[in-house]
Amino acid sequence: MAKFSLPRIALSAGIVFGAATIASAQDSGALLNLLSRKGIITDQEAEELRAELTSEFAANTPAGKLDISSGITKLRIAGDLRVRYQYDNEQANPAGTNNNQDRSRYRYRFRLGTTATLGSKWTAGLRFESNTGATSTNNDFGSGTDNFSKTTDGVNLGQVFIQYNDTGVFGSDALDIRVGKFGHKFFNPGVNGFWIDSDINFEGLAEEIVYGGLIDGWKTSLRAGQFILNANSTAGADANDPSLLLIGQVEFANKQWKIAPTFVGFAAPSAHDASANTPALQASDTAVYTDLATFLLPVEFSTAFAGRPLAVYATYGINLEGEARARRLAQTRNVDDDVTIANVGVRYGAAKIPGEYQLTAEYRHVGNGSYSSLLLDSDFNGGYLNGKGFILSGTYAITEAISATATYFNAFNIEGDRPAGGSTNRGDGFGKAQVLQIDLSAKF
Amino acid sequence: MKKAFLFLLSVLAFVGVVRAEKLVIKGSDTLGAKLVPMLAEEYKATHSDTSFEIAAEGSTTGISAIIDGTANIGMSSRRAKATEMSAGAAKGVTLKPIIVCYDGMAVVVNANNPISSLTARQIEQIFTGDVTDWSAVGGKPGRFSIYTRNTSSGTYSDWKELAMKRRDYASSSQKMAGNEQIVAEVAKNPNGIGYVGLAYINAPGIKVVAIGNALPTKEAVISKQYPFARPTFYYTNGDPQGEAARFVEFTLSDAGQKIVEKVGFVPVR
């Protein structure tokens, strides 16, 4: 039935020899339409050729062999891999108890995720990570019982979420709702994140609504999160009330400033979490879901210096329930409570294109009743309370995808003589904690 | 002699049974609701031994039927997708398109609607839900009632491709099983809007809206000046064979194309 006219053969040859790629098969539709409109080939010839090219594409190209669900309008695969040398020197508080550390570690982190865009408003995503830790997905090389052991290597599901984006809702410019387990969007300036460790994947529900013109010259973003800490799904009275972490933030941003009043609180309605204040039930601060009502004010000012970006940032916060929290963690009423959490830092440069670098210096203060170890950056003072000190960090971009980073953390106890509160730290910081990290990272 | 006669009779009866061929045609509602049944009736007038089984449940079902080998001819108002091509190839099936006629997907509104033309951009906005009220496009205030085909329809995907820049349909849109249902709903609803093939635009209670200045006339469709014009197809496994080939030939013949025109579509020549 098909007749191979000269123009048709010429067109085939042109497409095959001229491009011979996936793109030629996919993009030839416009050319076929033009040729048929001009009468060079008939519509029937164009359709037969289109079918052949589509068939060739489907059968003989790597992309054509992928069968992606028709509901997916875009599929993104991205991840990162990092190898790290880490030196830890941690001296316990009080001296002589457990938790002394003086060690070198050789570590890696791998994360690989995919997000599927499903039409114009919905997205589904998941991410695999190389460790189960809430605030660290690192694994140590050489940590097994035998040489080259694989016992500690694993692939874990770090994120799994469904996201809804829209515009015009309540007159907004953008709406973002996520449910599942996912990364956060709260403004949180600091090396590795300050009051939310950058490795944390929250579980629950998060919303963001953005207005461009609410205040002239400022973008206003309202963010909220309702995150499940403990489902309390075991049997018993009050057992089914979950313990929640609630975060609310309003960010005002213009070209130079970001100011974001924030509230972070625990809501632990169950008898289990609210009354669990003995060491036997609550081994560490990360499981004490009470006495947290911290107001934070993160601020950042951005400018340029000597042709490079310069940012000065700071956060100041107080826990309205700080006294109760300090006493609960110390297991005694005889404790000086420090309800203040703060940082101040300066960041210079950017490490995005090859040859660029970024330098950061930051000071932190985390009082014994100010916050929760559950959320704090785990690299500074072990992620515990009652610590102050500084961080120095430098990153150099080797290529757009490869970078090298060195970071030094040096933390000290704010109250050196605090009781340890049982066999574990219960949120009480180390006496001294130094950490040196040297990283080589790849992003893809 | 008697035995020989009976043997001959049984052979003739057997040949008769074999000779009576059945053509299974599945797919597009656009083609299968009116055009193909009329072609089949006319064809049977000269091929009395041929019977037809026609199922018009959407283009996707027609292409799937060819891939699965459950139909001789698949009707489709859209082109086969790359995934369908590769699914066919995996089963040794080569999907061959044959243009049957041309269609212009016409935008229809209630006959009492004062709107007589819309721009392509307005059409996109209406069907994606960017605008929700007739007043946004110059009409009488009232929320749009959008009627679309269902997801197995080739017209559903062609409309997304040609009129909506591949965006999603408005969440308020209502999916109808066929062109006739869309026409019926729009005729009843003063705020209704939908799209149908050319064979369905003369129903009472509706009217066709021009896209810019272009109405889906025969000339505008064949010259591709009408923005929502498209070819419609039979799909077969390779070149059609036997009775299917004869029916395809009849469809493309002068007699077949006269029926195409009579139904309201645009003939291939």
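Let's start with how two helices of chain B cross: H3(B) passes H11(B) in a right-handed crossing. Please keep in mind that this is a predicted model. H3 covers residues 35-46 of chain B, and H11 covers residues 254-263 of chain B. Their axes come within 10 Å, and the crossing angle is roughly 140°.

So who makes the contact? From H3(B) we have B:Leu35, B:Met38, B:Leu39 and B:Glu42. Facing them on H11(B) are B:Ala255, B:Gly256, B:Ile259, B:Val260 and B:Val263. Sorted by class, that contact of H3(B) with H11(B) has 7 nonpolar residues, 1 polar and 1 charged.

Now stay with H11(B), but turn to another partner, helix H10, residues 242-252 of chain B. Here the axes of H10(B) and H11(B) are 4 Å apart, and the helices pack at an angle of about 60°. B:Phe250, B:Thr251 and B:Leu252 of H10(B) meet B:Ala255, B:Gly256 and B:Gln257 of H11(B). What classes of residue are in this contact of H10(B) with H11(B)? There are 3 nonpolar and 3 polar residues, with no charged ones.

Finally, let's look across to the other chain. How many residues of chain B are in contact with chain A? The count is 16 from chain B, against 17 residues of chain A. On the chain B side, helix H5 (82-90) and strand S4 (95-104) each supply at least two residues. H5(B) gives the most to that side, with 5 residues. By class, the side of chain B that touches chain A has 8 nonpolar, 2 polar and 6 charged residues.

Technical notes
Residues are numbered from 1 along each chain as its sequence is written. Chains are lettered from A and ligands numbered from 1 in the order in which they are written. This is a predicted model: local features need pLDDT of at least 70, side-chain atom pairs count only at pLDDT 80 or more; totals for chains, interfaces and linings use all residues. Axes are lines fitted to C-alpha atoms, for helices over the stretch in contact, and angles run from 0 to 180 degrees between N-to-C directions. A crossing is left-handed if the near helix is turned anticlockwise from the far one by less than a right angle, and right-handed if clockwise. Two residues are in contact if their C-beta atoms, placed from the backbone, lie within 7 Å. Ala, Val, Leu, Ile, Met, Phe, Trp, Tyr, Cys and Pro count as nonpolar, Asp, Glu, Lys and Arg as charged, and the others, Gly among them, as polar.
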